[in-house]
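User: I'd like to go through this one piece by piece. Can you put it up?
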Number of protein chains: 6
Amino acid sequence: MTQSVPLLVVEDEALLLLDVQDGLEGAGYAVLGAASGREALALMDIHLDSIRALVTDIDIGSDSITGWDLAQRAREAKPHLPVIYMTGASADQWTSRGVPHSVLLHKPFASAQLITAVSQLLNSSTDIAAGPGTE
Amino acid sequence: MTQSVPLLVVEDEALLLLDVQDGLEGAGYAVLGAASGREALALMDIHLDSIRALVTDIDIGSDSITGWDLAQRAREAKPHLPVIYMTGASADQWTSRGVPHSVLLHKPFASAQLITAVSQLLNSSTDIAAGPGTE
Amino acid sequence: MTQSVPLLVVEDEALLLLDVQDGLEGAGYAVLGAASGREALALMDIHLDSIRALVTDIDIGSDSITGWDLAQRAREAKPHLPVIYMTGASADQWTSRGVPHSVLLHKPFASAQLITAVSQLLNSSTDIAAGPGTE
Amino acid sequence: MTQSVPLLVVEDEALLLLDVQDGLEGAGYAVLGAASGREALALMDIHLDSIRALVTDIDIGSDSITGWDLAQRAREAKPHLPVIYMTGASADQWTSRGVPHSVLLHKPFASAQLITAVSQLLNSSTDIAAGPGTE
Amino acid sequence: MTQSVPLLVVEDEALLLLDVQDGLEGAGYAVLGAASGREALALMDIHLDSIRALVTDIDIGSDSITGWDLAQRAREAKPHLPVIYMTGASADQWTSRGVPHSVLLHKPFASAQLITAVSQLLNSSTDIAAGPGTE
Amino acid sequence: MTQSVPLLVVEDEALLLLDVQDGLEGAGYAVLGAASGREALALMDIHLDSIRALVTDIDIGSDSITGWDLAQRAREAKPHLPVIYMTGASADQWTSRGVPHSVLLHKPFASAQLITAVSQLLNSSTDIAAGPGTE
């Protein structure tokens, strides 16, 4: 509190991105938004150290980079980063293409579902990171 | 987000129903309210397909239909529907009369307890429904 | 709902205490604030019966009483009380000095993380207390 | 250890009852076997105090008493009793007719699945009962 | 029970495969063993319908097919199949390359760790499959 | 497998220690036994690096060192060490004196309860340790 917790949110639909951003900021998070996979990768290169969770759409516009790819890339660099996927059509692939300890939200979802998912994953990763030498 | 997630809320105390409704709508849910078991059954007949969770009082006025009955009835038709019971006096019966994977909230409870319970159950049922052929 | 759920929050930084208090009250909780371990013990003597959870800083100013001590003391009197620790520097000690079924939040954290942690612990302790003869 | 932990196992197929009994006894449990719902009720009347878990078939022969009924009856008397259902055909009804915090095993299952289910439920109910005044 | 539950176990070290097989068979499982990724894929083509869980090494000899690949392939065909990875050197990659709801066992591990992991995942997937229309 | 996983077991009743040792060794664990708190501390000084879990009685003979003390001491040196307490009389103190993510077993318990508790804690600590830089 008093200082916001930064998240990376990847979503190509501008209105949904704004909506998600509003919900998360009201909950005490600071949102770094990306409208494409390419933009997300660029932001991850610079800011991954300070980003505390990744919230990502699966099919990001006409982009060949999917949310499955972004999550895998982010976890390679930061193995305990909380990951939340948001999707309408690609939910079926989560059990084969998602990463462990992630959450998948079917669109449409309530803002409280996203806030609860992010907060729960952050709280349990805090738990993991409580030992010395972690991360 | 952008579209609300519909819930059925059953509560005979009008003020508490309003209160619960306010809290849930602020969290991104759309509330279908019922003031009696009979009314709840009627709404379930028409809207169960679109309802994403059931939030129900146990002793609903002078009604012979209890929240235990409503939850069982709803689960027969929709086996993975999230269920939240709200009660003052009947909490003792939850371990024998409640359904699996439900949450019981003792009255009085904070609005955040209800929002967290609904959101958590929805997020984990999403998880269950992620495989093809489910529901 | 309609009635607030009382929590004891222990934090010596006045601004952070206000911030936490704001967040929790917006979520339906009533906050009893203490700025030192001594003050927290005094409040526990009088109000422990009605307090539903303890939210505590670890290093409380120049106080010799730590958050670890407060939680242990509170649990001796009320064995299933939900406990949330907030800390910057002392997180490493949680796995050896924390109590079972508690949550540790690293500062800085988002208000939603605290609200989710309190709500989840309350919801699962409700579950425990659902049987007759408990507490 | 050194003393066995008593369980009630209800199953009308004699060979399966023997098989289950063998597996559980090798794991340190003492099995009280019942071949019908009627017999199970009689044993519960006398021994429920010492029984630490209920393992029950759903459709018990031509009996009108089902495993769903036995579990509900047992939980009314002993609210935190671990319950494991074993069934081939009636699994679909678990989410509407089962009790909270129970496990359903599809027949056929490996002996280790039953032993793990019983042990896990016992270990977490121990946790619940760890506070003074419980049960 | 009385009938064994079939698992696919993939491990190129013959002695370890025997060892794992012994442990699992003593627990009531029937083991279909594969010594290479190629062999595993062939067995999956024929037997995936009846296989209830996949237990796989990560670096399977000189094979270009890894355990990560096998698990992803198996989950594409059977989205809720329990997956257990066994590895010495590749554990670091689990959070980025593993599938959701899987377990990773560090070699060396005790036979009870594997049996408990398989049984727990099977018991909770049973839970998921309890609703009509699943799988 | 093929190599045993070493545990430290602390219990002053010689017969129970033997019994526990038998059960754990049959499950693939190697038991380092201690009959007093003093002996346990000496073993921890030398072997803590290789010990994968602590299984401890609470009131260890006439010793002034309790199981609560041993667990806290062990966790200070090895923050994610799985801890299982075994006790008859002191279970009430677990929620105030136990460490997070530990399991308490009430005596008498079945051997499978201990084996399941140890295995589950080891499997989930493996999960925590899967990221680089942990421990």
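User: How many bridges join strand E1 of chain B to E2(B)?
Analyst: Six bridges link E1 (residues 5-10) of chain B with E2(B), and the two run parallel. Strands here are DSSP runs of E, at least two residues long, and helices are runs of H or I of at least four, numbered from the N terminus. Two strands pair if DSSP finds at least two bridges between them. This is a predicted model, where local features need pLDDT of at least 70, side-chain atom pairs need 80 or more, and totals for chains, interfaces and linings use all residues. Residues count from 1 along each chain as written, chains are lettered from A and ligands numbered from 1 in written order, and side-chain values use heavy atoms, without hydrogens or water.
User: What stands opposite Leu7(B)?
Analyst: Val31(B), in E2(B).
User: And what's the strand order in the sheet?
Analyst: The order is E2-E1-E3-E4-E5 in chain B, an open sheet of five strands with parallel pairing. E2 (29-34) and E5 (102-106) of chain B each have a single partner strand, so one side of each has no neighbour in the sheet.
User: Which helix gives the most to the side of chain A that touches chain E?
Analyst: H4(A), with four residues. Helix H3 (67-77) of chain A also supplies at least two.
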